[in-house]
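I opened this notebook to record what I looked up in the structure. The entries follow the order in which I made them.

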Amino acid sequence: NDAAPRAWVGLGSNDEREAALGGALAALESEFGPLAVSSVYASPCANGGEREYWNLAAGFNTVFDAVAVRSRLKTIEASLGRQRGVAAEGRVRIDLDLLATAAHAGVVVFHCPLEAPHVLLPLAELLPECRSPGHTVTLAERARRLHRRAAPDAKERNLTQLLCDLSTGVEAEVERHFAFEETRLFGYLAK
């Protein structure tokens, strides 16, 4: 139902990424129902750490307001091992952030800045025609411009170029190059 209230969440992990993101997607689906899921993006650790983040976005229908969604996200984080305020050597098991909501009228309200590529790129896949405050172009166009500006060796890169179509044998390629184990995450990427 396109008129149903919706929420979009950013997911990120730099510690046991496959398991953490797969677990988070499963928990979100259990809590909120069917998900629309973006591609997975890699990005450098913001505080200069060595552990690369994987980020994606998920959207879902919800009867909850933004405060209640945030509360449920923090509960999911805790259930997956997120420990806030504990020194973990730059490791973040799972980070779930409310990015945007839309009420019955369909007006999208953004709950965080969209300037960082690890936020903008996944969300642009799920809300391509949406415009954020202060911008006259769509999220999809902003993402295209970001890709055009990026140098060939930019650290932001779309991992789905490697993970995109598991049904055509990319799974074996992924295992060979990255020693990934198959998790529920791959099921979401193949949808």
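Predicted model: local features only at pLDDT ≥ 70, side-chain atom pairs only at ≥ 80, totals over all residues.

Entry 1, cysteines. I took a disulfide to be a pair of cysteine sulfur atoms within 2.5 Å. By that criterion I found 0 disulfides in the structure. Cys112 is partly exposed, at a relative accessible area of 22%, and Cys130 is buried, at 14%.

Residues are numbered from 1 along each chain as its sequence is written, and side-chain values use heavy atoms, with hydrogens and water left out.

I located Ser13 in strand 1, residues 6-13; helices (H or I, at least four residues) and strands (E, at least two) are DSSP runs numbered from the N terminus. Ser13 is buried, with a relative accessible area of 0%. A polar atom of the Ser13 side chain lies 3.1 Å from the backbone oxygen of Asp15. I also looked up its contacts, meaning heavy atoms within 4.5 Å. Leaving aside neighbours within four places in sequence, Ser13 is in contact with residues including Tyr53, Trp54 and Ile94.

I found Ala100 in strand 5, residues 95-102. Ala100 is likewise buried, with a relative accessible area of 0%. Residues up to four places away in sequence not counted, Ala100 touches, among others, Trp8, Val109 and Phe110. Between Ala100 and Gly59 I noted a C-alpha to C-alpha distance of 9.1 Å, with 41 residues separating them in sequence.

I used the term for a set of buried Ala, Val, Leu, Ile, Met, Phe, Trp, Tyr and Cys residues joined through side-chain atoms within 4.5 Å. The largest such core has 25 residues, and Leu11, Leu28, Phe60 and Leu96 have the most contacts inside it. Strand 1, helix 1 (17-32), strand 4 (53-61), helix 2 (66-79) and strand 5 each supply at least two residues of this core. Helix 1 gives the largest share, 7 residues. Apart from this core lies another, of 19 residues, among them Trp8, Ala124, Leu127 and Leu146.

Conventions. Buried < 20%, exposed > 50% of the residue type's maximum accessible area, 1.4 Å probe, protein only. Polar contact = N/O pair within 3.5 Å; in protein donor to acceptor, adjacent residues only side chain to side chain.
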